[in-house]
Amino acid sequence: MVIVSFSLQISAQTDNQRLLAFQKSYQLEQEKNYIGSIEAVKAIATTPSYETNLRLGWLNYMAGLYKESMEYYQAAIDLAPNSIEAKIGYINPASALGNTDQVITQYTKIIEIAPAIRRLFTSWE
């Protein structure tokens, strides 16, 4: 019983630390302090998580760190291969770097995951 209680305490403490770090990150992002926001998230990024990689992908993109952004989005995609959100996120820095092939690849994968989305991409044709 003591081990389970201790384990739950550590888990709750870790969750609270993540929550506080993300809150700080959002506050710093609102102030357009993207580097500070990145550091707030990295401080709690001890194990790879989809949410952390997605957040770091976005913040690095906003900071103009496109290659780093793509790496974090790719890590998020690796953790959740059917994530449309991570694939769309990946498209932003890839496009900014002029990586058209990678943009097309991600759009193609999105359509494979959710064929109904195709209409969104072709509705203006």
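Biologist: What should I know before I look, for instance how the residues are numbered?

Modeller: This is a predicted model, in which local features need pLDDT of at least 70 and side-chain atom pairs count only at pLDDT 80 or more, while totals for chains, interfaces and linings use all residues. Residues are numbered from 1 along each chain as its sequence is written, and side-chain values use heavy atoms, with hydrogens and water left out.

Biologist: How many helices and strands does the protein have?

Modeller: There are 7 helices and 0 strands, where helices (H or I, at least four residues) and strands (E, at least two) are DSSP runs numbered from the N terminus. The order of elements from the N terminus on is α-α-α-α-α-α-α.

Biologist: And what share of the residues is buried?

Modeller: Of the 125 residues, 33% count as buried, with buried meaning under 20% relative accessible area, exposed over 50% and partly exposed in between (1.4 Å probe, protein chains only).

Biologist: Let's go to α3 and α4; how do their axes cross?

Modeller: The axes of α3 (residues 50-62) and α4 come within 7 Å and cross at roughly 160°; axes are lines fitted to C-alpha atoms, for helices over the stretch in contact, and angles run from 0 to 180 degrees between N-to-C directions. The two helices are therefore roughly antiparallel to each other, given that angles under 35 degrees count as roughly parallel, over 145 as roughly antiparallel, 65 to 115 as roughly perpendicular and the rest as oblique.

Biologist: Left-handed or right-handed?

Modeller: The crossing of α3 past α4 is left-handed, a term used if the near helix is turned anticlockwise from the far one by less than a right angle, and right-handed is used if clockwise.

Biologist: Which residues meet there?

Modeller: On the α3 side they include Tyr50, Leu54, Trp58 and Tyr61, and on the α4 side they include Tyr66, Tyr73, Ala76 and Leu79, with contact meaning heavy atoms within 4.5 Å. By class, this contact has 11 nonpolar, 4 polar and 1 charged residues, where Ala, Val, Leu, Ile, Met, Phe, Trp, Tyr, Cys and Pro count as nonpolar, Asp, Glu, Lys and Arg as charged, and the others, Gly among them, as polar.

Biologist: Now α4 against α5, how do those axes cross?

Modeller: The axes of α4 (residues 66-79) and α5 (residues 84-96) come within 9 Å and cross at roughly 160°, and these helices are therefore roughly antiparallel to each other. Their crossing is left-handed, and the residues that make the contact include Tyr66, Met70, Tyr73 and Ile77 of α4 and Ala86, Tyr90, Pro93 and Ala94 of α5. The contact of α4 with α5 has 10 nonpolar, 3 polar and 1 charged residues.

Biologist: And α3 with α5, how do they cross?

Modeller: The axes of α3 and α5 come within 10 Å and cross at roughly 25°, and that makes α3 roughly parallel to α5. Here the contact is made by Tyr50, Leu54 and Tyr61 of α3 and Glu85, Ala86, Asn92 and Pro93 of α5.

Biologist: Which residues of α5 are buried, and what covers them?

Modeller: The buried residues of α5 are Ala86, Lys87, Gly89, Tyr90, Ile91, Pro93 and Ala94, and what covers them includes α3, α4 and α6 (100-113).

Biologist: Moving to the loops, where is proline 81, and is it buried or exposed?

Modeller: Proline 81 is found in the loop between α4 and α5, and it counts as exposed because its relative accessibility is 52%. Leaving aside neighbours within four places in sequence, proline 81 is in contact with Lys87 and Ile113.

Biologist: What about the phi of lysine 32?

Modeller: Lysine 32 has a positive phi of about 65° although it is not a glycine. Most residues other than glycine have a negative phi. Lysine 32 lies in the loop between α1 (2-30) and α2 (34-42), and at 61% relative accessibility it counts as exposed.
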